[in-house]
Amino acid sequence: MSENPAVIDNGVNVEALLGAREALTEMPEAGQFQWRATCSWVNGTHSRSSVESFFGLGEEQKHRAEYTFDADHPACFASEDKGATPVEIVLVALASCLTAGVAAVAQNREIQLRSVKAILEAGMDIQGILGVDPDVRNGFDGIKVKYEIDADASKEDIEAIVAQSQKRSAVFDIVTNPTNVTVEVN
Amino acid sequence: MTRPDAELPAGNVDALIIGAGHTGLAISHCLTELSVDHVVLERGEVANSWCYERWDSLRLLTPNWQSRLPGFSYSGDDPDGFMSMAEVIDFIKKYAEVIEAPVRTKTTATSVRYEAGQYHVTTNKGEWLSNAVVIASGACNLPAVPAVGDNVPNGITAVTPQDYGNPKQLEPGGVLVVGASATGLQLADEIQSSGRPVTIAVGEHVRLPRIYRGLDIQWWMDKAGILDESLADIDDIVRARNLPSPQLVGSRDKQILDLNSLTALGVTLVGKLVSFRDSTAYFSGSLRNVCALADLKMGRLLDSIDEWAADAPECAELERPERFERTRVEDSPALSIDLEKNEIRTILWATGFRPDYSWLDIPVLDRKGRVRHDGGVVESPGLYVIGLPFLRRRKSSFIHGTEDDARDISEHLSKFLKTRNTA
């Protein structure tokens, strides 16, 4: 047990989240968000994306700063490796979404976290993207996430936090369920 | 007070109850005790849904000793058995007789309006006026088929549990059962056993063992006070009201029915059904997590039962606590199945039911079509609803859970009429 069991602080403002949930039950239209990203080609397989504005709670919103992400492919793809591979960014998105969820759920269940680490692995047969075998899909053949969590809780309670985090995760949903994608050229 | 069920004219009455199922009859009995003049309108006959809208093999999920209504209870010689539909119908019809309920059968309410402080109820047999109305028409009038059901591939027959009687009605070939509640598991079990290979699409579900430490799970839930949990005990009432029915079956051999027992029979588990494209059905990759959620949740329930049992003298001699095998999920469950190629001919929507309020012309529904109510008290003065999941208590959706709700609502209604009539 922690030395001061009365104060559980994972740095998540659960009251604000629960308040938002209550407010949205009354005003469901405020829950309509739009997320945006912009991507510019740099050279070769190197691109730079940025995010800054989004829409939510009925109005235009902005991040504290513009965030940028370099993406490229490693040398074995005959690329210059100036950033993460896009599929790795998908893993990063999944891991960070689930980990944020772990912290929030643990806070809500009054469980103090000491450390949380996720290790992700995803298999892929590149015969798909290279068009070698049309029966091989382009994407991952599966994703494995392993959590190492140190917290004041039983193994079952920790497993339940991780399960609940998956249940509430946007990226887990995006990765596990189909999404219509519309690509237009202006 | 009692009226014969003859062709009496419609008219004025203090309270109208819509529906002569077990909840409507229970309310009727409680109102009679409180000397509230009332009539029960029934579109068909007493226990109509139980007569015509259930599949052949269905038995109650609750044991006979739990079958009780205000002023009436099971008196047979098999307290641990589970009633067949014929027995449920008999039980409810006998109840209607014993309490001499003023039921008008074959009287369908086609419109309920609230005008100038009174309810105007139009039926196929004339117009009623009343000061109060209790909606007791049930929670399971219509099958709730998800939006993905609009795109069922050509050549595949879609069936709901209301159309379904037994496996012989289905074409030979495979069956995709969508939903893993009590309905989905029971039907997957009997359809697979009929020689039609079943694939079951599994979303969030509630896993419960029929028997725990030698006793029925309903005994534990009852004794440990879980079924008596009320609105005040629950953080998230929306979630509690939307829980799928637990994976249980009422069978003679007290069978434990879960996803593991289905896979042992040869049933294939896939994730939640998310879409169709051409003849292919696509499933979510979340199967492992929804199974983990249900396994962990069952574990927590059994923990709380054991905790209660540790201090309960009647549990001293019982079998030791046990834990059940986790749900077995293949390493890579199928994410898509070509129904045509895999000779799946039928889709069975075991995706739940919803009430039908198409006749209710009073603006008391929320944006999802549910009646807004506080423990059965609807915001329109003198309007009540009963028989919905977790109306006031966890047991509200069970037959034995009706009594406490019916008493609370009848008392509220009776006080409402008194205040109204003295105002």
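Let me begin in the core: of the 127 residues in the largest nonpolar core, the ones that touch the most other members are Leu16(B), Ile27(B), Ile92(B), Val133(B), Val134(B), Val177(B) and Ile200(B). By a nonpolar core I mean a set of buried Ala, Val, Leu, Ile, Met, Phe, Trp, Tyr and Cys residues joined through C-beta atoms within 7 Å. A residue is buried if 20 or more other C-beta atoms lie within 10 Å of its own, exposed if 12 or fewer, and partly exposed in between, with C-beta atoms placed from the backbone. Helix 8 of chain B, residues 287–310, gives the most to this core, with 12 residues; helices (H or I, at least four residues) and strands (E, at least two) are DSSP runs, numbered from the N terminus.

Before going on, please keep in mind that this is a predicted model, in which local features need pLDDT of at least 70 and side-chain atom pairs count only at pLDDT 80 or more, whereas totals for chains, interfaces and linings use all residues. Residues are numbered from 1 along each chain as its sequence is written, and chains are lettered from A and ligands numbered from 1 in the order in which they are written.

Staying with chain B, which residues is Ile27(B) in contact with, leaving aside its neighbours within four places in sequence? They are Ile17(B), Val134(B), Ala136(B), Ile386(B), Ala406(B), Ile409(B) and Ser410(B), where two residues are in contact if their C-beta atoms, placed from the backbone, lie within 7 Å.

A second residue to look at is Val202(B), which has its place in strand 12 of chain B, residues 198–202. Val202(B) counts as buried because it has 28 C-beta neighbours inside 10 Å. Leaving aside neighbours within four places in sequence, Val202(B) is in contact with Ala180(B), Leu259(B), Leu269(B), Gly271(B), Lys272(B), Leu287(B) and Val290(B). Ala188(B), by contrast, is 14 residues from Val202(B) in sequence and 12 Å away in space, C-alpha to C-alpha.

Chain B is divided into domain 1 (12–141 + 355–422) and domain 2 (143–349), with bounds that come from an automatic or database domain assignment. The centres of domain 1 and domain 2 of chain B, taken over C-alpha atoms, are separated by 28 Å, and the contact takes 20 residues from domain 1 of chain B and 21 residues from domain 2 of chain B. By class, the side of domain 1 of chain B that touches domain 2 of chain B has seven nonpolar, five polar and eight charged residues. In that count Ala, Val, Leu, Ile, Met, Phe, Trp, Tyr, Cys and Pro are nonpolar, Asp, Glu, Lys and Arg are charged, and the others, Gly among them, are polar.

Let me turn to chain A, which has four helices and five strands, running α-β-β-β-α-β-β-α-α from the N terminus on. Of the 186 residues of chain A, 15% count as buried, and along its principal axes the C-alpha trace of chain A spans about 55 × 40 × 30 Å.

Three strands of chain A form an open sheet in the order 1-2-3, and the pairing is antiparallel; two strands pair if DSSP finds at least two bridges between them. Strand 1 (38–43) and strand 3 (59–71) of chain A stand at the edges, each with a single partner strand, so one side of each is left without a neighbour in the sheet. Five bridges join strand 1 of chain A to strand 2 of chain A, residues 46–56, and Trp41(A) has Ser47(A) in strand 2 as its bridge partner. Nine bridges join strand 2 of chain A to strand 3 of chain A, where the bridge partner of Arg48(A) is Asp70(A). In the hairpin of strand 2 and strand 3 of chain A, which has two residues between the strands, Leu57(A) takes a positive phi near 55°. Is strand 3 of chain A largely in the open or buried? Of its 13 residues the number buried is zero, so strand 3 of chain A lies largely in the open.

Finally, the two chains meet in a contact that takes 11 residues from chain A and 12 residues from chain B. On the side of chain A that touches chain B, helix 3 (155–167) and helix 4 (170–176) of chain A each supply at least two residues, and the largest share, six residues, comes from helix 3 of chain A.
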